[in-house]
Amino acid sequence: MKLISKILMLFVLAFASCNTENPKKENAEVVAAPEEKSVAAPTKEIDENLPTIGLLMYDQVLMTEVTAAIDVFSKHTEAGEKLFNVVTIAETLDPVTTEEGLVIVPDNTFENAPKLTVLFVPSAYDMWTAVRNEKLVNFIIEKNKETKYTVSNCGGAQLIGKSGIASGKKIVTWIGGGEQLQKDYPDLLVQDDAKVSYMEDGKFLSSNGNLASYISSLELLEKMSSKEQRLFVESYLYLDRLKDWNFDDEE
């Protein structure tokens with residue numbers, strides 16, 4: 001709990017980030033070839049024997065809500081064993097620019113995404129556009145049919161609400177966003193975001209987002225592996241340093 005408290009303290013400090021020319025040929029008839037729909041090939045190899053963690057992305061997504069899960073689930077065991085496939089997924093293979101300016105090239109598209117064990121649904125400042133993206137919402141609906149866990153961070157809860165996949169389930173969103181979430185999606189059991197940082201209800205996990213995205217990732221890591229692996233990853237990420245960080249120290 002001390003670790004979670006420290007992470008939440010950092011989360012509060014960083015919270016503001018979660019609130020062509022046609023050819024011509026003389027005297028010749030040019031006949032355009034019919035367009036063929038093609039599906040881009042995945043860019044990352046998948047080990048079919050391992051659970052696959054899918055990280056959903058879209059334009060202006062909040063960076064930490066993607067990178068936190070990568071940070072946690074990409075780590076091997078202390079003995080060097082790989083435990084998970086970790087892939088990023090977007091509508092196309094075009095680079096996605098996060099709100100903070102980081103450019104990420106997706107591993108998969110909606111059409112060629114592998115079977116997922118977990119789907120992480122992040123947020124953006126412009127959730128109005130996100131929830132009106134039918135391809136995005138439909139992807140969440142379809143992938144939820146196969147996932148063991150579906151996780152939302154911050155405003156990703158709005159996409160969960162729009163999809164209708166978590167009716168009657170407890171969920172939490174960004175600090176200050178719960179009232180509107182409940183109004184928009186009355187079938188959700190929205191928790192008090194002023195008091196609740198992380199929530200799980202069956203297969204659905206959620207957090208306030210931002211640095212609290214590490215909480216949802218670490219809690220799920222422990223569920224899918226072991227307490228020992230969680231502690232190893234926390235140590236690998238130097239999260240233990242946060243336990244000893246005295247916020248009251250003055251220079």
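The following exercises, each with a worked solution, concern the predicted model shown above.

Residues are numbered from 1 along each chain as its sequence is written. In this predicted model, local features need pLDDT of at least 70 and side-chain atom pairs count only at pLDDT 80 or more, whereas totals for chains, interfaces and linings use all residues, and side-chain values use heavy atoms, with hydrogens and water left out.

**Exercise 1. State how many helices and strands the protein chain has, and what share of its residues is buried.**

Step 1. Helices (H or I, at least four residues) and strands (E, at least two) are DSSP runs, numbered from the N terminus. The protein chain has nine helices and 11 strands.

Step 2. A residue is buried under 20% relative accessible area, exposed over 50%, and partly exposed in between (1.4 Å probe, protein chains only). Of the 251 residues in the protein chain, 48% are buried.

**Exercise 2. Determine where the buried residues of helix 4 lie around its axis.**

Step 1. Helix 4 covers residues 134–144, and its buried residues are Leu-136, Val-137, Phe-139, Ile-140, Lys-143 and Asn-144.

Step 2. These buried residues line one face of helix 4, because they fall within an arc of 155° when seen down the axis. The arc is that of the directions from the helix axis to the C-beta atoms.

Step 3. A general rule applies here: an α-helix has 3.6 residues a turn, so residues three or four places apart point the same way.

Step 4. The exposed residues Glu-134 and Lys-135 are on the face of helix 4 turned away from its buried side.

**Exercise 3. Describe the sheet of seven strands and identify the strands at its edges.**

Step 1. The seven strands form an open sheet with mixed pairing, in the order 5-2-1-6-7-11-10. Two strands pair if DSSP finds at least two bridges between them.

Step 2. Strand 5 (108–109) and strand 10 stand at the edges; each has a single partner strand, so one side of each is left without a neighbour in the sheet.

Step 3. Strand 1 (residues 52–56) pairs with strand 2 (residues 85–90) in the parallel sense over five bridges, and Ile-53 stands opposite Val-86 in strand 2.

Step 4. Strand 10 (residues 198–201) and strand 11 (residues 204–207) are antiparallel, with four bridges. Asp-201 has Phe-204 in strand 11 as its bridge partner.

Step 5. Two residues lie between the strands of this hairpin, where Gly-202 takes a positive phi near 65°.
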